[in-house]
Amino acid sequence: MAAPLVRRNIVIFFISMSLVLTLALGVYASNRLLTHWLVVRGLEQAFIPYEKSIQDMLVSLQQGRQPELPKVSQLRLSKAQEPTSLLPTSTLNTVGDMLQLKMGRSEVLDAAVVLPNSAPGTKHLDTDFSKIEWYKANTLISADTLASARTALNSSKLLTAVPDMTLFGKFGPNAVLAYRPENIGPDVPGLLILVTQSELLASLTPLVWSISAAIGGLCLASIVFAGFLLWMRFYDQVRTNRDIQYLAHHDTLTGLPNRAVFNARLTEALRLSQAKASNIGVMLIDVDKFKEINDTYGHGTGDVFLQIVGERLKSVFNNHLVARLSGDEFAVMLTSISDPARMTRLAADMNAATEAPCTIDGKDIKISLSIGIARATDGSWRASRLLHCADLALYRAKHSGRSTFAWYTAELDAEAQKRKEVEEGLTKALKFDQFKLLYQPQYSLRDGELKGYEALIRWDHPAKGTIRPDIFIPIAEDTGLIEEIGTWVLNHACLEAALWEDKSRRIAVNVSAAQFIAGETQHRVATALRNSGLDPHRLEIEVTESLLISNTDAVIETLRQIRDMGVSIAMDDFGTGYSSLSYLSLFPFDKIKIDKAFVQNLGKDASTDAIVTSIVGLGRSLDVIITAEGVETEEQAVLLSAAGCDLVQGYMFGKPDEVTRHEAEYPIFPLNEEGGLWFPQNMARRTNSPKIRLAPKLAQSSKPMEDAETDANSELKSAG
């Protein structure tokens, strides 16, 4: 980039010098031409009054008689000269006497008569200049002056002044006047008059230089203006090139070096470290959940957020190269620090720096960064390898709870290879239909009736057997395959549910935030219902709060369109997000599912019991069905039943399996056909069953089983 710019500068320099030289030559040429023109006009104007006298003299010379001298005052003849023509000396003296005049600014020095050519019938005049004394004495500095005068004698012009001037514009002290009478015979001679022009030149010098200065000033102004335009263009080009250079090497948003600069500097640093036997460390830093920040607060706020993150990075790593590699990914090269302990300390300082409040437009946004660290320990490392290792460490940090850092270890390569195999296997699984659906039943706590199933995906790998979804679903979300997998689950769940014998059973399908596309998901649901023929009222779509965080308005509109089809919408993992209650006010969900994290601590933690009781009470007030997932013990089922929970699912009521097996085992407990609350009755009647201690709030609303049945029968009788 620099070489073309230097060449352009050299070209512009030579062009500028050429313009200056052209200006100087132009001014000089205009000065000489103007002076020549003024001298010619001045001499001709001085001798025009004597044209008739000169003509009479030449006619007299042609007739061989002494010419009559005109009566002119202030005549002066120069010093007598030797004969310079073929005429007698007396005739030349007569001509000289006639021209004894001082012309004020020009003085007559001598004259020479040019005789006609000897050829009969021609007006052509010719003479031998070598016989003219002032030619032999080099009185004229230019040899072309007399030649021009001879040409003027043979022209049609009566009187012509020929200044003595060289080709380069130097004027001599004298000039020549050429006179040839008009409309006379061919044998009339011509006349060459040698006059001075020094005084005339001296008188014309101020005028000539004034005009030349004006011309030069105009030319100079033109060149200055043209130069200014060229300079502006050159300056704009330099500024544009500088901006292009800056944009090519820096990130426009944060002002940090970009990926190209970082890679080049890293490659050079590795080469130097190999020569010096030193170590280099690299940190890859990723902003956690940056997409949610963009979706929640807008891209403008997201840009400011990235600028703040960049400033925090520069404040911590002020002596190291900090670059922005992509949207929310940054990198730091550590050359002066090679000790792992000090690198770890820097990573910890960076995480500590994110704890300071980040306020944008009055909104507090938490900064969370995941950091992956890799260190080149010998000369075999390359930039691509070092960045790859740091990226593996970053992946470990992000999947270790975020807002933390992780070092690269050799085991991460094996994990990356496994992820690569899973990623490639997922593509084949979709192509060769290696997925299958298992179903987990959902029971009613009131009467023990099987209400429906939740569809759960499994991968039947031809070599590795069944692979759990917690292994391949995160990889599918990272690679974007989750959308295609989610569509497969939705279509197959609807197709299989439409073939069940019991048409009252409902089917629940999870739709994760990664596969949910506002404006597109409702069309996929409609297509699945249309292709399967499933009653929309039997389908239930489960979504999480994380889905509502991103692009809330568009998501809610999509959910409304799905609900308008007759499909139920359930909020999954309720209570684990940021603001569950606010989302309940934004969209009227049909079902709320209590996360298993709360169910596992029932009866063990008073606050958990209070939360579950509050969720159930909220569901009753909103007329929303409450489902508890992850129920694995009788104690949990009893407590949930006492709290008034509607549905339960978990290993106690059935593991994910084929629908036919669940239907064959139904009912797993004797049904309560008398109404009222339902418990696993055969378990409750055992004498050796452990005594269940309820939390205080649950104990207030719970009663012994016999009392509960009595109350239920009483309610039925009252209703009857």
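Predicted model: local features only at pLDDT ≥ 70, side-chain atom pairs only at ≥ 80, totals over all residues.

Trainee: Which residues make the nonpolar surface patch of about 490 Å²?
Mentor: That patch is made by Ile10, Phe13, Phe14, Met17 and Val20. Val20 is placed in helix H1, which covers residues 2-47.

Trainee: What is the strand order in the five-strand open sheet?
Mentor: The order is E6-E7-E5-E10-E11, with mixed pairing. Strand E6 (321-324) and strand E11 (405-407) are the edge strands, each of them pairing on one side only. On average, and with direction ignored, neighbouring strands of this sheet are turned by 20° against each other.

Trainee: How do E5 and E10 pair?
Mentor: Strand E5 (residues 280-287) and strand E10 (residues 369-376) run antiparallel and are joined by eight bridges; within this pair, Asp286 stands opposite Ser370 in E10.

Trainee: And E7, is that strand buried or exposed?
Mentor: Six of the six residues of strand E7 (residues 329-334) are buried, so the strand is largely enclosed by the rest of the structure. In a regular strand the side chains alternate between the two faces of the sheet. In E7 both faces are covered, with Glu329, Ala331 and Met333 buried on one side and Phe330, Val332 and Leu334 buried on the other.

Trainee: What does E7 pair with on either side?
Mentor: E5 and E7 pair in the antiparallel sense over six bridges, and Val282 stands opposite Met333 in E7. E6 is also antiparallel to E7, joined to that strand by four bridges, and the bridge partner of Val322 in E7 is Val332. E6 and E7 form a hairpin with four residues between them.

Trainee: Where else is there a strand that is largely enclosed by the rest of the structure?
Mentor: Look at strand E3 (residues 171-179), where eight of the nine residues are buried, so this strand is largely enclosed too. Strand E2 (residues 159-165) pairs with E3 in the antiparallel sense over six bridges, with Pro163 opposite Ala175 in E3. E3 and strand E4 (residues 190-196) likewise run antiparallel and are joined by six bridges, and there Val176 has Leu194 in E4 as its bridge partner.

Trainee: Which residue takes a positive phi in the hairpin of E2 and E3?
Mentor: That is Gly169, with a phi near 90°, in a hairpin that has five residues between the strands.

Trainee: Last one: where is Glu658 placed?
Mentor: Glu658 is in the loop between strand E20 (647-649) and helix H22 (659-665), and is partly exposed, with a relative accessible area of 38%. Although Glu658 and Leu437 are 221 residues apart in sequence, they are 8.0 Å apart in space, C-alpha to C-alpha.

How values were computed: Residues numbered from 1 in each chain as written. Heavy atoms only, no water. Patch = residues over 30% accessible without salt bridge, like charges linked within 9 Å, V, L, I, M, F, W, Y side chains within 5 Å. Areas by Shrake-Rupley, 256 points an atom, 1.4 Å probe, with all protein chains shown as cover. Salt bridge = Lys/Arg side-chain N within 4 Å of Asp/Glu carboxyl O. Helix = DSSP H or I, 4+ residues; strand = E, 2+ residues; numbered from the N terminus. Pairing = 2+ DSSP bridges. Axes fitted to C-alpha atoms, helices over the stretch in contact; angles between N-to-C directions. Buried < 20%, exposed > 50% of the residue type's maximum accessible area, 1.4 Å probe, protein only.
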